[in-house]
Amino acid sequence: MKHLHSLFLEGWPDDFPVCHDGSRFVSWREFCGRIAILSEALKSRRESSWLLESEDFLQFSIGMFALLYAGKHVVVPPNTRPGTLELLSSAYEARCSCLASERLPDQPALPEAIDPDEAVIDLYTSGSTGEPKKVRKTLAQFEAEAVVLESQWGHVMGESVVVSTSPHQHIYGMLFRLFWPLFAGRTFDTVTCSHPGALRERMSMFRDAALVATPAQLSRLPELVDFPGFSPKPKIIFSSGGPLPKAAALLFHDQWGSAPVEVFGSTETGGVAWRIQGRREDSDLWSPFDGITVRQSESGALLLISPYLGMRPHEMEDRIEVMPGGRFRSLGRADRVVKIEEKRLSLSEMENHLDGHPWVAQAALLPLNGRRSSIGAVLVLNGEGRQRLAAEGPRAIAGLFRKFLSANYDTVLLPRYWRFLERMPLNERGKISNQALSDLFVKKKACFPAIVNRHVEDSRKVVLDLEIERSLAHFSGHFPEMAILPGVVQIDWAIRYAREYFHMAGKFSSLENVKFLALVLPGARLQLTLAWDSDSGVLEFTYANSRRRFSTGRIVFGKEE
Amino acid sequence: MENLKNEIKKLIVESLELEEMNPDDIGDDVPLFSEDGLGLDSIDALELGIALRKKYQLGLDSEDSSVREHFSSVNNLVAFVLGRV
């Protein structure tokens with residue numbers, strides 16, 4: 001174990017592989033040398049706060065330590081979108097990435113110790129108000145967390161190389177991929193694996209690997225790879241950013257012997273608690289980390305007493321239920337901050353942003369849960385917006401709004417579903433009705449049956465094999481006490497399909513001899529036979545199966561217009 | 001070839017639950033993961049991977065680092081599926 005604030009005094013052996021950069025191991029000697037050079041260059045600069053935004057994790061790591069050891073204040077943006085950097089422009093004086101190409105002095109001495117409480121790193125997260133919210137961390141806090149993690153899992157990690165699918169620019173990646181490994185003397189991989197192929201490739205390079213990942217990736221991994229045969233398996237998996245669905249955790253438990261270690265925390269608080277889900281009923285409970293106490297506030301929120309926050313009680317936005325013994329169950333968030341595939345989003349913030357668009361009169365957002373979590377956007381447009389909508393159609397306009405938001409937001413957070421209304425639906429208290437909003441996104445049910453087979457006999461006769469699926473819109477509501485296919489729908493289908501297959505330009509004129517002989521129930525398979533006589537303008541239809549006829553009739557059409 | 005192309009477009013629309021979008025609306029060379037194209041995100045990439053694996057029994061866990069390129073457009077996906085099946 002080496003203190004992060006006197007890392008270069010204590011030092012690892014010269015040939016210790018600090019990290020693997022995708023093509024080779026980088027030795028401690030080289031790593032320190034590069035930090036020393038950059039740090040020396042930084043010391044001669046007047047600017048005190050520096051933006052560190054490198055996508056390259058090795059560059060980022062070197063930049064981080066060079067800045068801290070030069071006594072500079074590090075600013076890590078939540079993402080590198082131009083709109084975000086613009087918003088943060090008053091938060092820093094210079095950019096670290098602009099320095100890399102400057103001429104640097106020859107090998108200087110390694111920096112000595114620094115005061116870990118004075119080594120400041122500013123992170124940003126989405127607050128509930130509007131602007132990105134600054135969260136100031138110190139190296140001392142990261143160090144304290146690394147001590148706890150090492151005492152809890154160091155023995156399982158052993159000499160594992162730390163491999164990851166999560167970005168290094170957020171607190172989780174920074175702590176688990178950089179600070180903890182450097183503190184404990186473990187090699188870290190600087191490649192961020194974006195797909196399972198890359199993950200397998202990276203893991204097979206190292207004898208033992210520990211995986212740092214998120215629920216979004218882990219919950220899909222079993223469906224993306226030959227899960228039982230995936231080899232080599234990581235020695236331990238960490239998951240943070242949100243809860244891992246129980247079903248996914250159990251797959252890991254059953255196939256790989258152990259479910260991932262889930263870490264509960266936030267940028268503001270650092271790590272709070274952990275759990276490993278399994279078949280035991282109470283395995284969904286979270287255990288606070290050593291030294292941390294969790295209580296329930298009067299409003300049911302998580303009240304945290306943590307050494308990382310100077311033991312001052314801190315109320316989080318998560319609602320919890322505390323069990324005897326101090327473990328707790330999470331009941332979801334209390335504010336309008338939602339998690340979309342682990343990414344935190346303030347709905348109010350994005351609404352404010354949309355409200356600022358020149359075409360928007362009012363915006364309302366809501367989280368949707370389907371196959372994946374996503375955002376639905378409901379917009380009331382002003383005159384100009386409505387003109388553009390009429391001219392270009394909803395899809396194109398939604399695309400423009402997505403592009404507008406993408407200047408500030410990660411693609412995962414962009415609303416996937418858009419509704420444009422004349423006015424917002426209000427409830428009796430005059431507030432926007434959440435129920436009415438979410439009803440707007442209920443999937444449109446199908447109105448036509450599945451055509452399983454078709455025989456076009458000639459230009460006057462066609463036979464269609466239909467499957468009357470239970471999910472058809474017509475089965476809900478027509479006869480509430482009993483789901484049957486209404487006769488008027490059968491006639492409508494006959495006309496619709498006839499117009500598809502025959503040349504029928506005339507208008508509907510009358511029905512003759514229509515008989516409904518038996519009820520068509522959900523799930524039925526039947527044959528629709530259509531015969532068209534263009535001379536008389538008569539369409540004959542029959543719905544039948546091999547045993548009986550369900551309905552027959554003649555539909556008369558007028559002359560072509 | 002043309003069939004496979006349409007099948008993959010249909011798979012994209014259906015497996016990712018894209019709204020207001022028909023398979024025909026997706027151009028063969030439109031960038032799938034860019035806001036100038038279809039604007040799909042990293043979760044869509046995983047979901048699409050799952051759908052392709054189910055439909056074509058494609059192993060995406062091979063040590064092939066060019067997955068990003070295979071997934072960049074319908075044309076590239078078609079070539080990828082043809083190369084693997």
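Predicted model: local features only at pLDDT ≥ 70, side-chain atom pairs only at ≥ 80, totals over all residues.
Four strands of chain A make an open sheet. Their order is β15-β16-β17-β18, and the pairing is antiparallel. The edges belong to β15 (293–296) and β18 (328–333) of chain A. Each has a single partner strand, so one side of each is left without a neighbour in the sheet. On average, neighbouring strands are turned by 50° against each other, direction ignored.

Strand β15(A) is joined to β16 (residues 301–305) of chain A by four bridges, and the two run antiparallel. Across this pair, Thr293(A) faces Ile305(A) of β16(A). The hairpin of β17(A) and β18(A) has five residues between the strands. In this hairpin, Gly325(A) adopts a positive phi near 100°.

## Helix α6 of chain A

Is helix α6 (residues 171–184) of chain A mostly covered or mostly exposed? Mostly covered: 14 of its 14 residues are buried. Gly185(A) follows the helix. Its phi is positive, near 75°.

Phe404(A) sits in helix α11 (residues 383–406) of chain A. Its relative accessibility is 27%.

Leu354(A) and Phe404(A) are 50 residues apart in sequence. In space, their C-alpha atoms are 8.6 Å apart.

## A nonpolar surface patch

Met482(A), Leu519(A) and Leu521(A) form a nonpolar patch on the surface. Together they have about 270 Å² of accessible area. Leu521(A) lies in a loop of chain A, between β26 (508–516) and β27 (525–533). With 39% relative accessibility, Leu521(A) counts as partly exposed.

## Chain B

Chain B has four helices and zero strands. Along the sequence the pattern reads α-α-α-α. The chain has 85 residues, and 48% of them count as buried.

Consider the contacts in chain B with a separation of 6 or more. Residues 24 or more positions apart account for 53% of them. The accessible surface of chain B is about 4100 Å². Carbon and sulfur atoms hold 46% of that area.

## Salt bridges

Over all chains, the structure holds 37 salt bridges. Side chains of opposite charge can pair when their charged atoms come close. One group in chain A forms a network: Asp21(A), Arg24(A), Glu30(A) and Arg34(A) are linked by salt bridges.

Arg220(A) takes part in a salt bridge with Glu341(A), with the closest N and O atoms 3.1 Å apart. This pair links distant parts of the chain, 121 residues apart. Glu341(A) is in the loop between β19 (337–340) and β20 (343–346) of chain A, while Arg220(A) is in helix α8 (residues 215–224) of chain A. Buried means under 20% relative accessible area. Glu341(A), at 12%, therefore counts as buried. Arg220(A) is buried too, at 6%.

## Bridges between the chains

Which residue of chain B forms a salt bridge with Arg220(A)? It is Glu47(B), with the closest N and O atoms 2.8 Å apart. The pair crosses between chains, from helix α2 (residues 42–56) of chain B to helix α8 of chain A. Both Glu47(B) and Arg220(A) are buried.

Glu223(A) and Lys54(B) form another salt bridge, their closest N and O atoms being 2.9 Å apart. This pair also crosses between chains, from helix α8 of chain A to helix α2 of chain B. Glu223(A) is partly exposed, at 33% relative accessibility. Lys54(B) has 56% relative accessibility and so counts as exposed.

Definitions and conventions:
Residues numbered from 1 in each chain as written. Chains lettered and ligands numbered in written order. Heavy atoms only, no water. Pairing = 2+ DSSP bridges. Axes fitted to C-alpha atoms, helices over the stretch in contact; angles between N-to-C directions. Buried < 20%, exposed > 50% of the residue type's maximum accessible area, 1.4 Å probe, protein only. Patch = residues over 30% accessible without salt bridge, like charges linked within 9 Å, V, L, I, M, F, W, Y side chains within 5 Å. Areas by Shrake-Rupley, 256 points an atom, 1.4 Å probe, with all protein chains shown as cover. Salt bridge = Lys/Arg side-chain N within 4 Å of Asp/Glu carboxyl O. Contact = heavy atoms within 4.5 Å.
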